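This briefing covers strands, a surface patch, cavities and salt bridges. Please keep the structure open while reading.

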Amino acid sequence: MIALLLSIIPLQPDTVATSSQNLDEVVVVSRGQSGRKRSVKGQVASIDEHLGKLRHVNLVRRGSYAWEPVVNNMQMERLSTTIDGMKIFYACTDKMDPVTSYVESGNLQSISLNSGLDGNPQATGNIGGSLDLKLRKAGFDNDPFHASASAGHEWNGHVQVYGADAALSSHRTYLNAGAFYRHADNYKVGGGDELQFSQFQKVNVFTNAGFRLAEKDMLEATFIFDRATDVGYPALNMDVAKAEGLITSLSYKHLFSKASWETKVYYNHITHVMDDTTRPDVAIHMDMPGDSWTAGIYSLLTTSIKQHDLALNYDLYYNRLFADMTMYPGGAAPMYMVTWPDVGTLNTGLALTDNVRIARNQSLRLSAKLAWQQQKLNNEEGYHALRVFFPGMTDVYHQTTGRIAAAYQWSMVNGQWSIGAGWGSRAPTVTEAYGYYLNNTFDQYDYIGNPSLKNESAIEVNAKWQLAVSNWQLAIDANTFFFSNYIIGQFETRLSPMTVGAEGVKVYGNISHATIANASLTADWQLTEQLRWNGKVSYSSGRDADGDALPLISPVSWQTELQYHYKRLQAQATVKGNTRQSNYGEKYGETPASEWAIVNLSAQYQWSMVNSQWSIRFGVENLFDKQYATYADWNHIPQKGRNIYMNLTLEL
């Protein structure tokens with residue numbers, strides 16, 4: 001893993017909490033937004049490293065590449081991830097390609113998080129939260145010309161990162177484009193042993209363009225092509241030969257005197273091909289390709305009327321997911337199986353938010369969304385295979401989901417506090433409803449979907465308190481989710497596994513209730529004009545209907561950091577870790593993770609030269625070369641050992 005050296009995160013700049021915005025978090029990736037911290041590695045940092053800066057986010061790691069975001073200790077099934085509001089769905093049945101893996105730091109402006117049920121307007125099914133990756137656009141009336149280039153190297157795994165982009169802007173048009181390349185060999189864990197199958201390489205090219213039709217009418221277009229190859233996954237049985245994404249959009253925006261209206265149409269195609277040909281001693285060779293196609297539209301109207309800031313959003317998308325598997329037993333005929341039966345999902349929804357300014361120091365945020373969807377199984381072979389287990393199933397299903405949330409905020413002279421509550425539901429994912437013999441290497445069981453699942457729902461309550469006194473800032477943040485019809489795999493002893501070495505079969509089912517709770521304490525202290533300290537400690541708990549621990553719930557985590565800033569020099573030292581995972585989901589095949597702590601050091605220096613801006617960044621991660629694995633490292637694959645890095649950025 002390329003460990004992230006977190007920079008100082010002041011409470012106020014990174015936590016947006018005004019009457020016109022959500023209670024959320026933002027991490028800035030590129031230039032153009034001042035006052036919020038970026039990764040110490042700059043644009044050569046991976047998307048995963050930027051995601052790791054958000055306080056509610058953890059990352060499940062199956063290798064060096066494409067980590068799965070987890071928000072409020074909930075994985076992708078309970079999250080909504082969009083790119084500039086566009087719905088995109090991964091194409092891998094093993095979640096080896098989260099949506100976040102199909103963009104690069106070079107084409108992102110920021111990553112915003114809405115924690116819990118108060119999601120962004122395009123979010124659907126976001127019980128845990130919603131992530132929106134904002135693309136980097138030159139925009140109108142900005143610098144006539146801007147260009148940047150960056151190069152970086154990490155000695156552990158010989159990671160090479162190169163990127164370049166350029167932008168043109170005027171009152172009438174803008175255009176920006178760029179390319180990014182990453183290459184990594186196998187890395188070494190603490191102690192010096194090489195971790196096999198941890199390599200990858202990736203290329204990303206992008207362009208954004210805008211044209212002003214009239215003074216208040218604009219067209220904008222986006223094109224992204226992302227391709228990763230030879231991606232190793234040491235925690236799994238297979239690697240990835242190719243993960244490829246094509247992302248396109250065209251939007252129209254009109255500005256009124258006190259309102260704006262944006263309508264965007266988009267299309268994306270994700271192709272993912274798993275591969276085990278490079279693995280030694282493969283019992284049965286398998287080909288496992290997957291495809292995801294999504295076309296959609298959304299129309300967002302925002303306006304201010306007296307003390308109300310209103311946003312009304314309509315969105316519709318159609319997604320198709322298809323995956324299959326061909327097994328080649330030695331000396332026997334190939335065996336074919338459909339694992340996602342070409343499921344077509346048509347979803348449409350209407351969302352409304354209202355930020356009400358009750359008084360000068362008080363605000364109320366209300367949000368709601370209602371969505372309807374139809375799912376049709378288009379592959380006859382996959383449909384009939386599932387009917388063996390569910391004779392009463394049909395090939396078409398309809399679901400209605402919704403969410404509603406409210407948050408009250410009161411600002412005081414030295415701080416603020418807020419309370420909120422919400423209810424929301426989600427439909428089962430394609431894997432949960434229609435997956436067919438999908439092997440999970442976490443617990444070594446084959447999983448089968450269940451078309452008769454009920455929608456999962458949850459009630460959320462949350463509270464936040466912030467205090468700022470002199471040079472001190474203190475914040476306490478907590479939330480609890482009370483689930484009904486919680487969806488999770490359940491033992492089915494009447495069925496036999498299909499995967500060699502699997503311990504049995506699980507079928508997705510609803511359990512009556514479950515609970516997930518999270519709490520964190522953050523402190524920040526400006527010791528002197530040049531010296532600053534911050535620290536954070538977080539606690540989480542997850543229980544099912546029987547009181548047993550849910551899997552992949554974070555143990556107590558903590559971090560302390562000291563930052564020094566003088567003129568153009570910035571340096572920081574960070575110590576972070578987890579306690580031993582004492583409450584783990586043994587019932588669900590989880591094994592405990594040991595406690596760990598590591599030390600990171602870094603520095604950066606910026607200077608100007610001949611109408612250009614330069615910055616050099618260097619540091620060492622895991623200073624003492626400790627061998628460790630976090631609770632979210634799949635099958636406890638160890639993290640990187642000592643890693644020295646350096647990168648250089650030029651801006652014109």
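Strands are DSSP runs of E with at least two residues, numbered from the N terminus. In those terms, β20 (396–412), β24 (456–469), β25 (472–491) and β26 (504–526) each supply at least two residues of a nonpolar surface patch. The model is predicted. The points below start with that patch, then follow the strand pairings, a salt bridge and a cavity.

**Nonpolar surface patch**

- The patch covers about 960 Å².
- Its members include Trp-410, Met-412, Trp-465, Leu-467, Trp-472 and Ile-476.
- Leu-521, Trp-525, Leu-527, Val-537 and Leu-562 are also among them.
- Which strand gives the most to the nonpolar patch? Strand β24 does, with three residues.
- Val-469, another patch member, lies in β24.

- Strand β13 (residues 217–231) runs antiparallel to β14, and 14 bridges join the two.
- Ala-228 stands opposite Ala-243 in β14.
- Strand β14 (residues 239–255) pairs with strand β15 (residues 259–275) in the antiparallel sense, over 16 bridges.
- A hairpin of three residues joins β14 to β15.
- His-254 has Trp-261 of β15 as its bridge partner.
- Asp-239 stands opposite Asp-275, also in β15.
- Strands β15 and β16 pair in the antiparallel sense over 17 bridges.
- The bridge partner of Ser-260 is Thr-302 in β16.

- Strand β16 (residues 285–305) pairs with β17 in the antiparallel sense over 19 bridges.
- Ile-297 has Leu-316 of β17 as its bridge partner.
- The hairpin of β16 and β17 has two residues between the strands. Lys-306 sits in the turn, with a positive phi of about 55 degrees.
- Strands β17 and β18 also pair in the antiparallel sense, over 19 bridges.
- The bridge partner of Tyr-314 is Leu-350 in β18.
- The hairpin of β17 and β18 has six residues between the strands. Gly-331 in this hairpin takes a positive phi near 80 degrees.

**Salt bridges**

- A search of the whole structure finds 31 salt bridges.
- In one of them, Asp-309 pairs with Arg-357, and the closest N and O atoms are 2.9 Å apart.
- Asp-309 belongs to strand β17 and Arg-357 to strand β18, so this pair ties together parts that are 48 residues apart in sequence.

**Cavities**

- The structure holds twelve cavities of 30 Å³ or more.
- How much space lies in the second largest cavity? The value is about 580 Å³.
- The lining of the second largest cavity has 28 residues.
- Leu-79, Phe-89, Thr-124, Tyr-317 and Thr-429 lie nearest its centre.
- Which elements give two or more residues to this lining? They are β5 (79–83), β17 (308–328), β18 (335–359), β19 (362–377), β21 (415–426) and α4 (430–434).
- By class, the lining has twelve nonpolar, 13 polar and three charged residues.

**Where the topics meet**

Methods
Residues are numbered from 1 along each chain as its sequence is written. This is a predicted model: local features need pLDDT of at least 70, side-chain atom pairs count only at pLDDT 80 or more; totals for chains, interfaces and linings use all residues. Side-chain values use heavy atoms; hydrogens and water are left out. On a 1 Å grid over the protein atoms alone, a cavity is a set of points where a 1.4 Å probe fits but cannot get out, and a pocket is an open set with protein on both sides within 12 Å along at least five of seven lines; lining residues have an atom within 4 Å of a point. Grid points are joined across faces, edges and corners, and a volume is the space filled by probe spheres set on the points. Helices (H or I, at least four residues) and strands (E, at least two) are DSSP runs, numbered from the N terminus. Ala, Val, Leu, Ile, Met, Phe, Trp, Tyr, Cys and Pro count as nonpolar, Asp, Glu, Lys and Arg as charged, and the others, Gly among them, as polar. Two strands pair if DSSP finds at least two bridges between them. Patches are made of residues with over 30% relative accessible area and no salt bridge: like charges are joined within 9 Å, nonpolar side chains (Val, Leu, Ile, Met, Phe, Trp, Tyr) within 5 Å. Accessible areas come from the Shrake-Rupley method with a 1.4 Å probe; for residues, only the protein chains shown count as cover. A salt bridge is a side-chain nitrogen of Lys or Arg within 4 Å of a carboxyl oxygen of Asp or Glu.
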